Amino acid sequence: MGYALPVSIAKSRIALALAVIAFQAQGAPAPSVGAAAAPTTPPAPTTPDALAKPPAPAKLPAKVPVKQPVSYPFTFDTLLEDAKRRAGTPYAPQRNSLPAALDKLSPEQYRSIHFNPDAGIWRSEKLPFRLELLRAAYNMPTAVTVSTMEDGLATDVVATPAMFQISGATAQLAKVSLPLSGFRIRSHINSNKVWDEFLVFQGASYFRAVAKNLLYGLSARGLVVNTGDPTGEEFPAFTHFWIERPGARANAIIIYALLESQSTTGAFKFTVQPGAETQIEVELTLFPRAEMRVVGIAPLTSMFLFDETNRGHLDDYRPEVHDSDGLQIATKSGEQLFRPLANPLKLQVSTFTTQVPEGFGLVQRSRQQSDFQDFDAQYERRPSAWITPRGDWGSGAVELVEIVVFWRPTQTFTPAHPAQFAYNITWSSEPPLPKGLGKVLATRSGASIDRKRRVFLLDIVGAGEKLDGLRLDLGASAGAISNASLVSNGELHGLRASFEIDPKDADLIELRLRVMRGDTPVTETWLYRWTSS
């Protein structure tokens, strides 16, 4: 089921997608520390930091007065108590105020300031992780504090001038401490000789991760509030991070975070283990300040501009442009769902499954360079992210607000009633399906010869290419289906399903297809929403 929202909201979403594409097209690989970057090194986040090669550091004064950090007791319990206390007070957003000298810089001058990899925290120690700071940006006004933690004591990190590379044009700023917007973590993922960036927290409650041989793509978020709601979306933000010093043999790093917004506070714990698959265990407790009806847990946000189903709307030399091409869900009943993403003119909201699923996520199934023909963006190397709920999430539904997906609880969140959730995020090339179950690799759509019907072609792999005993289970919520067929696809060693649909007077049609052998599905269930716009 679903509904459409005002076109003004939709246009803003499309503009955002176009802006993201423009940014990502300019992205450059992140600088590596200690060795030349391998081709598989993930790029830096697509923020202004990544748009130019860092200049050589200017000569800084030998001594710069720096406020001495003070240590204080810290545990996850103290964070929970602090979040609870803050929820009982009015929201007072902390904004970054640039020092006078910085405020006078042009955007180009400000972008010339970069973190110095040689100043990475723990760089001089034989530890498996390195922490680097991200300076505040003009479009990231929330003040962020970054702290390190060891043996129950936390210390706020002071962003000293020596930590940043400052070009000659701005060398006079060498005595100015920079406000922060977040941080990134490096480790050995692709090579023991290269310190690859694999995790970044920056901007509101956004964070991204990569696994081996993959590049940054979609983002996760700590929480979404009123996403897709006509009243307007609220953007909670992480305002303070505590990163636990890892042991010499640690394979994971632990991060604590305080979240704040007009409607709630929250205490988060992230346990991050990078590798062939990067795993993030998330524990969170929300302390509502006000009643919240539209809340999204474990949200994922991606970019989708077009693919084979809708590229006719845009004049572009590339066959596809997207970080993710579908929503995948493993239901509690065992059914596997796949819903291709879309870029409709009107914002579409869809809900799936009324029980907490075994898992859900945004995936990238297009994995050939020829799918995109973009040597710079390399969309075929963007990760998929898979959410695995832990514990009791209560009733609700998986909700897709095109390019944003989350679990929307049925309950209304109210003050004095904390809400706890736990889940895992797996960042990988693609989450697995049950063995022997086929999947839809590509969806194509276009007009029939007489322009009266829509033609759909689905390429399916993983279920073999023999047709013996197979049949299509195909349905539509409106319109009339015709010319349905299932044939072998020798090129892919798989199958091709096709059909035509006459929408008649329908403005919206929900389509559903799977391949069956008798009463047993041999493929996942493909879902698609067609709209007249």
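**Exercise 1. Work out the order of the strands in the open sheet that holds β28, and find which strands stand at its edges.**

Step 1. In this predicted model, the order of the four-stranded open sheet reads β28-β29-β32-β31, with antiparallel pairing.

Step 2. Now go to the ends of that order. β28 and β31 (480–489) each have a single partner strand, so one side of each is left without a neighbour in the sheet.

Step 3. Going from one strand to the next, the twist averages 15 degrees.

Step 4. Zoom in on one pair. β29 and β32 (residues 494–502) run antiparallel and are joined by seven bridges. As a landmark, find Val455, which stands opposite Glu500 in β32.

**Exercise 2. Describe β25: is it covered or exposed, and which strands does it pair with?**

Step 1. Start with burial, where the cut-off is under 20% relative accessible area. Six of the six residues of β25 are buried, and the strand is mostly covered.

Step 2. Sort the side chains by direction. In a regular strand, side chains alternate between the two faces of the sheet. Here Gly396, Val398 and Leu400 point one way, while Ala397, Glu399 and Val401 point the other way, and all are buried.

Step 3. Look for partners. β22 (residues 348–352) pairs with β25 in the antiparallel sense over four bridges, and Phe352 sits opposite Val398. β26 (residues 404–409) is also antiparallel to β25, with six bridges joining the two, and Glu399 faces Phe406 there.

Step 4. Check the turn. The hairpin of β25 and β26 has two residues between the strands, and Ile403 takes a positive phi near 80 degrees in it.

Step 5. Step back to Gly394, in the loop between β24 and β25. This glycine counts as partly exposed because its relative accessibility is 34%. Its C-alpha lies 7.8 Å from that of Thr410, 16 residues apart in sequence.

**Exercise 3. Find out which residues and elements line the second largest pocket.**

Step 1. The pocket holds about 590 Å³ of space. It is lined by 27 residues, and the closest to its centre are Asn310, His313, Asn343, Pro344 and Ser533.

Step 2. β35 gives the most, with four residues.

**Exercise 4. Work out what the side chain of Asn190 contacts.**

Step 1. Asn190 belongs to the loop between β8 (180–187) and β9 (196–202). With a relative accessible area of 17%, Asn190 is buried.

Step 2. Asn213 is 23 residues apart from Asn190 along the chain, yet their C-alpha atoms are separated by 6.6 Å.

Step 3. Here's the contact: a polar atom of the Asn190 side chain lies 2.8 Å from the backbone nitrogen of Asn213.

Note on methods: Residues are numbered from 1 along each chain as its sequence is written. This is a predicted model: local features need pLDDT of at least 70, side-chain atom pairs count only at pLDDT 80 or more; totals for chains, interfaces and linings use all residues. Side-chain values use heavy atoms; hydrogens and water are left out. On a 1 Å grid over the protein atoms alone, a cavity is a set of points where a 1.4 Å probe fits but cannot get out, and a pocket is an open set with protein on both sides within 12 Å along at least five of seven lines; lining residues have an atom within 4 Å of a point. Grid points are joined across faces, edges and corners, and a volume is the space filled by probe spheres set on the points. Buried means under 20% relative accessible area, exposed over 50%, partly exposed in between (1.4 Å probe, protein chains only). A polar contact is a pair of N or O atoms within 3.5 Å; within protein, one must be able to donate a hydrogen and the other to accept it, and residues adjacent in sequence count only if both atoms are side-chain atoms. Two strands pair if DSSP finds at least two bridges between them. Axes are lines fitted to C-alpha atoms, for helices over the stretch in contact, and angles run from 0 to 180 degrees between N-to-C directions.
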